[in-house]
Amino acid sequence: MNKYFDTFYDWWKNLDKPIFFIITVFFILGLFFSLVSTSIIASDKLNTNSYYFFLKHLVFVTFGIFIILIFSLLNQIILIRISIFLFFFAFIALILVPIIGIEVKGSKRWLDLGNLPRFQPIETLKPFFVIVVSFILSLEKKNLYFKYLLSSFVLIPTIILLLSQPDLGQTLLISSVWLAIIFVSGINLILFSFSLLFICLSTFILIFLIPKFEYIKIRIISFLDASSGNNYQADKASEAISSGGFFGKGIGEGTLNSRIPEAHTDYIMSVIAEEFGVIIVISIILLYLIFSYRVIKKINFTENNNFKLILVGSVTILLVQTFIHIGVNIRMLPTTGMTMPFLSYGGSSIIGTSILTGIILNLTKRKLS
């Protein structure tokens, strides 16, 4: 084994091939759904090549595959060190968002660096957030409560920066991941309950007492009161799912893409349900569950406590993000603007998911470094 990287032979021999296969299937599905869901938008609304969005998505997926290879080939100790460094780099990018970020629909969540594609820093920060928090909680010869306090110093600034955008969806996702990691680390249940209560109360106060988050309160009220008239996107997404039935209308026969903006990102599951049916949606959900089960099963055979916590945090990101996206699409949750891992169109989402899956593939290899 190289000091920094596995050889390709060792990498392939020790790789968890079922997990790798599922990741490959997800990316292929993402490319396919990107093709069928964005061609109409490109040709009709933007008056450009009907494959414009698909080709961009293909470029990001290709780059994402390269990232997966790099992160999964790295020596596991080097992986942790590099990830901690990259966390601070991504955190600085998140700090820059309120200063030089671009505003889209009332939220400032993206950085635009000239000729480079604009990106959302939180998407790349999430995998490294998991590694940093897990590393802190795995420190030896440190008081357990001191480690929880230290990890909160990573959580709180991240949350403050997200709320300043504002982005409540990612805030809740990051908070959920932190709670999952500290719960698995062996926290006292009373302290865990207090932490959960604190996050819930803080969220309530932010939404209902601070004017900046008025739009979130409006979304929640609209979600609870269907007659408020502010549920256009959610209503159309629900109609699309219903009209698709079990087997869908067929490729290109859906109308959701032309009725609401960003359907290929925030409402991709509704687009899939309308054109391909609920059967395909259920199959995709089962695939996510099988993927999560394979990773969780590997945790039982991992002796390194740090690696265990990282895998728990990584699976939590994928599961919670998937749950939120599907919940919004079927009107179980208010609109959050959360993408579907692997399947939604978007460069930042693809890159962040690729980093996460590269880390998972690395830490689930049969032979540990």
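Before anything else, the model you see is predicted. It has 16 helices and two strands. Of the 369 residues in the protein, 51% are buried. The exposed surface comes to about 17,300 Å², and 70% of that area is supplied by carbon and sulfur atoms. If you take the contacts between residues at least 6 apart in sequence, 71% of them join residues at least 24 apart.

Now to the second largest pocket. It holds about 740 Å³ of space. A total of 27 residues line this pocket, and those closest to its centre are Phe 63, Phe 89, Phe 119, Thr 124 and Ile 351. Which helices does the lining come from? At least two residues each are supplied by α3, which covers 52–73, by α4, which covers 76–100, and by α5 and α16. The biggest contributor to the lining is α4, with seven residues. By class, the lining of this pocket has 23 nonpolar residues, three polar ones and one charged one.

You will find Thr 124 in helix α5, residues 121–137. Is Thr 124 buried or exposed? Thr 124 counts as buried because its relative accessibility is 19%, and the cut-off for buried is under 20%. The side chain of Thr 124 reaches back to the backbone oxygen of Pro 121, at 2.9 Å. Beyond its neighbours within four places in sequence, Thr 124 touches Ala 90, Ile 351 and Ile 355. Ile 351 was also named among the residues closest to the centre of the pocket.

How many cavities of 30 Å³ or more does a search of the whole structure find? The search finds one. The largest cavity has a volume of about 80 Å³. Elements that give two or more residues to its lining are α5, α15, at 305–329, and α16. Among the lining residues are Glu 123, Lys 126 and Pro 127, then Ile 317, Leu 318 and Gln 321, and also Gly 352, Thr 353 and Leu 356. Pro 341 is on the list as well. The lining of the cavity divides into five nonpolar, three polar and two charged residues.

Helix α16 brings me to Thr 357. This residue lies in α16, which runs over residues 347–363. Thr 357 is buried, because its relative accessible area is 0%. Setting aside neighbours within four places in sequence, Thr 357 is in contact with Ile 23, Ile 68 and Phe 342. Thr 357 and Ser 72 are 285 residues apart along the chain, yet their C-alpha atoms are separated by 8.3 Å.

Ala 237 counts as buried, because its relative accessibility is 0%. From Ala 237 to Val 328 is 91 residues along the chain, and the C-alpha atoms of the two are separated by 9.0 Å.

Technical notes: Residues numbered from 1 in each chain as written. Heavy atoms only, no water. Helix = DSSP H or I, 4+ residues; strand = E, 2+ residues; numbered from the N terminus. Buried < 20%, exposed > 50% of the residue type's maximum accessible area, 1.4 Å probe, protein only. Contact = heavy atoms within 4.5 Å. Areas by Shrake-Rupley, 256 points an atom, 1.4 Å probe, with all protein chains shown as cover. Polar contact = N/O pair within 3.5 Å; in protein donor to acceptor, adjacent residues only side chain to side chain. 1 Å grid on protein atoms, 1.4 Å probe; cavity = no way out; pocket = protein on both sides within 12 Å on 5 of 7 lines; lining within 4 Å. Points joined across faces, edges and corners; volume = space filled by probe spheres on them. Nonpolar A, V, L, I, M, F, W, Y, C, P; charged D, E, K, R; others polar.
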